[in-house]
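I wanted to look up the charged side-chain pairs in this model. The notes follow in the order I made them.

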Amino acid sequence: MNATPTGHSAKASASTAVLGILALVAIVAAVFVWNRLSDTKTTLADTQAQLQQSTAQSAQLQKDLDAAKAKGVDLQKQLDATKAQSAEFQSGLDQAQRHGGELERQLGEAKSLASRLQMQLESQSARAASFQVQASDAQRSITDTQQQLDQARAIVTRLQQQADQAKAQIADLQSKLQAAQAQISDMQIKAKKK
């Protein structure tokens, strides 16, 4: 009869020890989960901040591309003005050559802009690869940037075509000028013979 209380006491002590260990494990697990949750929140906040920065950069790129597009329109207007002025052979030729040089310079700037946009796109693509799990919106930013890069490349292509057209017009004006000079020379020779 005396053995029974002792057995119960031993079982109670063992149960208390097990419960204590389980409680300690639960506390450790809770601390671990809390730390993981805190790290996840910190990572998410960092990702959102980087995503906002990426969005701001994309907006700036869009502004730059719009400015490049407006510059392309201005260049087209200048080229049209050059065509109208090229009716006066020598003075028109000189002015067309100056405009052609300016178009070449601006074409170089546009290509440089496209190159910078390409590097920025690659940089954003690399960052977006690490953000993908935490923020799917970064993918849309990459898509927008790719579209902007395509637009910049299209502007470069149009500027190249405009520069080629300006060169062709300069060559045509040169040919016309030479023909006019030859005609004047013939007329002078005929006038001397008379």
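I counted a salt bridge where a side-chain nitrogen of Lys or Arg lies within 4 Å of a carboxyl oxygen of Asp or Glu. The model is predicted, and I find that it holds 5 salt bridges.

**Entry 1: K71 and E109.** I looked up K71 and found a salt bridge with E109, with the closest N and O atoms 3.8 Å apart. K71 sits in helix α1 (residues 3–85) and E109 in helix α2 (residues 89–131), so this pair ties together parts that are 38 residues apart in sequence. I noted K71 as partly exposed, at 41% relative accessibility. E109 is also partly exposed, at 37%.

**Entry 2: E109 and R105.** I then followed E109 to R105, where the side chains meet in a salt bridge of 2.3 Å, N to O. Both residues lie in helix α2, 4 residues apart, which is about one turn of the helix. For R105 I have a relative accessible area of 40%, so I list R105 as partly exposed.

**Entry 3: E104 and K167.** I checked E104 next and found a salt bridge with K167, the closest N and O atoms being 2.8 Å apart. This pair links distant parts of the chain, with E104 in helix α2 and K167 in helix α3 (residues 137–193), 63 residues apart.

Notes
Residues are numbered from 1 along each chain as its sequence is written. This is a predicted model: local features need pLDDT of at least 70, side-chain atom pairs count only at pLDDT 80 or more; totals for chains, interfaces and linings use all residues. Side-chain values use heavy atoms; hydrogens and water are left out. Helices (H or I, at least four residues) and strands (E, at least two) are DSSP runs, numbered from the N terminus. Buried means under 20% relative accessible area, exposed over 50%, partly exposed in between (1.4 Å probe, protein chains only).
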